Amino acid sequence: SWNKPIFLLRKFMDDTSPEIKKKIIVMIQAKTPSERMEMGFSMFGTSRLLINRVIKENNPNITEAELRKEIFLKFYEQDFDPATCAKIVKHFESLP
């Protein structure tokens with residue numbers, strides 16, 4: 001089953017050559033701040049859809065509250081200390 005935190009994927013997905021990385025940076029820097037923000041929102045939305053799909057494939061009977069909890073854990077578990085994370089998860093479990 002797929003359960004790697006998002007931040008761990010970075011070290012496995014770095015097959016871009018340095019010259020291409022530089023070109024990408026130049027292209028992104030040429031965009032306006034709002035275009036860059038739109039790109040970020042789009043990438044986040046896509047990753048959320050993909051994670052949503054994987055979670056549902058692994059647990060087809062998952063409730064909406066459980067799905068929100070699992071999405072939270074995939075994206076943000078590493079950003080909170082265990083006690084705060086547990087409080088947030090408990091909140092998700094209380095939702096309909």
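Predicted model: local features only at pLDDT ≥ 70, side-chain atom pairs only at ≥ 80, totals over all residues.
Where is F75 found? F75 sits in helix 4.

**Overall fold**

The chain holds five helices and zero strands. Along the sequence the pattern reads α-α-α-α-α. The chain has 96 residues, of which 17% count as buried.

F75 has a relative accessible area of 16%. Buried means under 20%, so F75 counts as buried. By the ring-centre rule there are five aromatic pairs. In one of them, the ring centres of F44 and F75 lie 4.9 Å apart. The planes of F44 and F75 meet at 45 degrees, so this pair is tilted. It links distant parts of the chain: F44 belongs to helix 3 (residues 33-58) and F75 to helix 4 (residues 64-76), 31 residues apart. F75 also pairs with Y76. That pair is tilted too, with 5.9 Å from centre to centre and 40 degrees between the planes.

| Aromatic pair | Centre distance | Angle between planes | Class |
|---|---|---|---|
| F44 and F75 | 4.9 Å | 45 degrees | tilted |
| F75 and Y76 | 5.9 Å | 40 degrees | tilted |

How do the partners stand in terms of cover? F44 is partly exposed, at 35% relative accessibility. Y76 is partly exposed as well, with a relative accessible area of 34%. Both values fall between the 20% and 50% cut-offs, which is why neither residue counts as buried or exposed.

Ring pairs extend the set into a cluster. Its members are F44, F72, F75, Y76, F80 and F92.

The C-alpha atoms of F75 and R48 are separated by 8.6 Å. Along the chain, F75 and R48 are 27 residues apart.

**Nonpolar cores**

Which residues make up the largest nonpolar core? There are six: I51, I55, I62, L67, I71 and F75. Helix 3 and helix 4 each supply at least two residues of this core. Helix 4 gives the most, with three residues. Apart from this core lies another, of five residues, including F72, L73, C85 and V89.

**Helix 3**

Helix 3 has 26 residues. From its first C-alpha to its last, helix 3 reaches 38 Å. That is close to the 38 Å expected at 1.5 Å a residue. Within helix 3, I51, N52 and I55 are buried. I51 and I55 are also members of the largest nonpolar core.

**A surface patch**

Which residues form a nonpolar patch on the surface? They are I20, I24 and I28. Together they have about 210 Å² of accessible area. I24 is placed in helix 2 (residues 18-29). Its relative accessible area is 38%, so I24 counts as partly exposed.

Key:
Residues numbered from 1 in each chain as written. Heavy atoms only, no water. Patch = residues over 30% accessible without salt bridge, like charges linked within 9 Å, V, L, I, M, F, W, Y side chains within 5 Å. Areas by Shrake-Rupley, 256 points an atom, 1.4 Å probe, with all protein chains shown as cover. Salt bridge = Lys/Arg side-chain N within 4 Å of Asp/Glu carboxyl O. Helix = DSSP H or I, 4+ residues; strand = E, 2+ residues; numbered from the N terminus. Buried < 20%, exposed > 50% of the residue type's maximum accessible area, 1.4 Å probe, protein only. Phe/Tyr/Trp six-rings, centres within 6.5 Å; stacked < 30°, edge-to-face > 60°. Expected span 1.5 Å × (residues − 1). Core = buried A, V, L, I, M, F, W, Y, C linked by side-chain atoms within 4.5 Å.
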